[in-house]
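Me: I would like to go through the labels attached to this model and ask what each one rests on. Please set the values against the cut-offs where that is needed.

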Amino acid sequence: MNRKGKIGLALLLGALGTGGFILAQTQSSYTGPKVEITYLHGFTGPDRPVMEDLVKRFNETHPNIVVKATAQPWGTTWNQLEPLVASGRAPDVVVVNEDQITRFIARGALTPITPQMYRSANIDTNRFFKPLFETASYKGQSYGVPISAVAYVMFYNKALMQKMGVSKVPTNRAELLTAARACTTDKEGRKPGQAGFDAKNLETWGISLYNNWVGARMAYSAILQNGGSLVDKDLNANFNTPEAVEAVQFLVDLVQKENVARPNSTEEAELAAFSQGKVCFFPSGQWYLDRFEKTPNFSFGVAFPPRIGNKQDATWGGSSHLTLPVQRQGYDPNKRAAAMEFINWMSAAPQNLVWTSTGSLPTVRAVAQDKKFETQPISGIFDKLDSIYATSGFPWGGQVLGPFDGAWERAYLGKQPVKQALDQGVDEANKQIAQARPNFR
């Protein structure tokens, strides 16, 4: 089915959905005079026509609200939003991603959305997955609702697993290690631990690890699973705690001691190897789903990353949120009310179901239960959508994530011991935070 066909099917499913879906479509909280509101977003790829169709449908069903939507690259919005707010020319609604939202909040560019505002717009915040909703929260206040989400998942090669005698997708550290050992052979067919095993010439291997920012999300997930975090209560970097060191050390040991992952590899190299049947488990972004689905005769599955840590299930996620920029004095309250109605409608279950046709995960609990997903590989992670955590909650994202990614790379490549790499990363991050802190509130 082509994209247009998928969209049509999704719209039909939305229209024929549960009573709750229909209710969300037909009840409007806005009863004021006709107003025009502006909407800025960064969905400029294949997802753009889906968004444009949704905006068109909103305008058709809300005769007293006209939404004028503009799509532009995310980076342009990040550069323009604060000047637009300062000059009183900000759009009424803007989409902000998880790695930028706290920065704009702390710079005073976004308006908090109070519980009263949510109630007035008929937005039940419990309809969203809690960690995803809280991605847009800062110092106890909410600043937006999610409309799009991605996650770090674990793809697995069914054919190679079967060939290697691995019948169960691993869900914890011990199972992962056992399965990864079973999947690993050198060019002579020897397994790790056998005499003569040549770790420098692997024919197949258990798990893909690699050195870019996506690869670092496996380390972030493992740290969360151990109860650690990237920052402390004062929002200083602290990804060198004992919990963090232990989690990252396990991953590095998969390369350096267990020999079930390749050293010095890249994401593209591991992508190719996974598609070619060389590796059993490929942790990465869920956005590769479409690529694997288009690979001929490729039997794969999608699972939540195994619990490497000892505290909780957790994985990294990215998201996009509908927010309200700060407006000039005397801003029309009808526009604010219309903007909230637009946010309610756009984030409701029928529209979220449509939006999943772009590859987004459901952001609304009811959508994750839709029969549309029953036979789709991505549904393998739906029972843990409440365990997806964005790198958010601190305004200096770049100051923390850059050094963290660098620390992972040095540790994974064996350039530094894990503790030393993380210590250096924390030192670098906190120096940058100290410089950035005066610019935020």
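Me: Which residues of helix 18 are buried, and what makes them count as buried?

Reply: The model is predicted. In helix 18 the buried residues are Val-418, Ala-421, Leu-422, Gly-425, Val-426, Ala-429, Ile-433 and Ala-436. The label is given to a residue with under 20% relative accessible area.

Me: What covers the buried residues of helix 18?

Reply: The cover includes helix 11 (242–256) and helix 17 (397–412).

Me: How does the reach of helix 18 compare with the expected one?

Reply: Helix 18 runs over residues 418–436, which makes 19 residues. From first C-alpha to last it reaches 27 Å, close to the 27 Å expected at 1.5 Å a residue.

Me: Why is Asn-264 called exposed?

Reply: Its relative accessibility is 58%, and the label applies over 50%, so Asn-264 counts as exposed. The residue is in the loop between helix 11 and helix 12 (267–275).

Me: What does Asn-264 contact, leaving aside its neighbours within four places in sequence?

Reply: Asn-264 is in contact with Tyr-412 and Leu-413; the term requires heavy atoms within 4.5 Å. Between the C-alpha atoms of Asn-264 and Glu-188 the separation is 22 Å, and these two residues are 76 residues apart along the chain.

Me: What makes a space a cavity and not a pocket, and how many cavities of 30 Å³ or more are there?

Reply: In a cavity a 1.4 Å probe fits but cannot get out, whereas a pocket is open. The structure holds 2 cavities of 30 Å³ or more.

Me: What lines the largest cavity?

Reply: Its lining consists of 14 residues, and nearest the centre are Leu-132, Ala-149, Val-150, Leu-385 and Ile-388. Two or more lining residues come from each of strand 6 (145–157), strand 11 (315–323) and strand 12 (388–389). Strand 11 contributes the most, with 3 residues. By class, the lining has 10 nonpolar, 4 polar and no charged residues.

Me: Which residues line the second largest cavity?

Reply: They are Met-51, Leu-54, Ile-147, Met-346, Ser-347, Gln-351, Asn-352 and Trp-355. Helix 3 (48–61), helix 14 (333–347) and helix 15 (349–355) each give two or more of them. Helix 15 has the largest share, 3 residues. The lining holds 5 nonpolar, 3 polar and no charged residues.

Me: What is the volume of the second largest pocket, and what lines the pocket?

Reply: The second largest pocket has about 350 Å³. Among its 17 lining residues, Tyr-220, Tyr-389, Ala-390, Ser-392 and Gly-393 lie nearest the centre. Helix 7 (130–134) and helix 10 (213–225) each supply at least two residues of this lining.

Me: How does the lining of the second largest pocket divide by class?

Reply: It divides into 9 nonpolar, 6 polar and 2 charged residues. Tyr counts as nonpolar and Gly as polar in this scheme.

Key. Residues numbered from 1 in each chain as written. Predicted model: local features only at pLDDT ≥ 70, side-chain atom pairs only at ≥ 80, totals over all residues. Heavy atoms only, no water. Helix = DSSP H or I, 4+ residues; strand = E, 2+ residues; numbered from the N terminus. Expected span 1.5 Å × (residues − 1). Buried < 20%, exposed > 50% of the residue type's maximum accessible area, 1.4 Å probe, protein only. 1 Å grid on protein atoms, 1.4 Å probe; cavity = no way out; pocket = protein on both sides within 12 Å on 5 of 7 lines; lining within 4 Å. Points joined across faces, edges and corners; volume = space filled by probe spheres on them.
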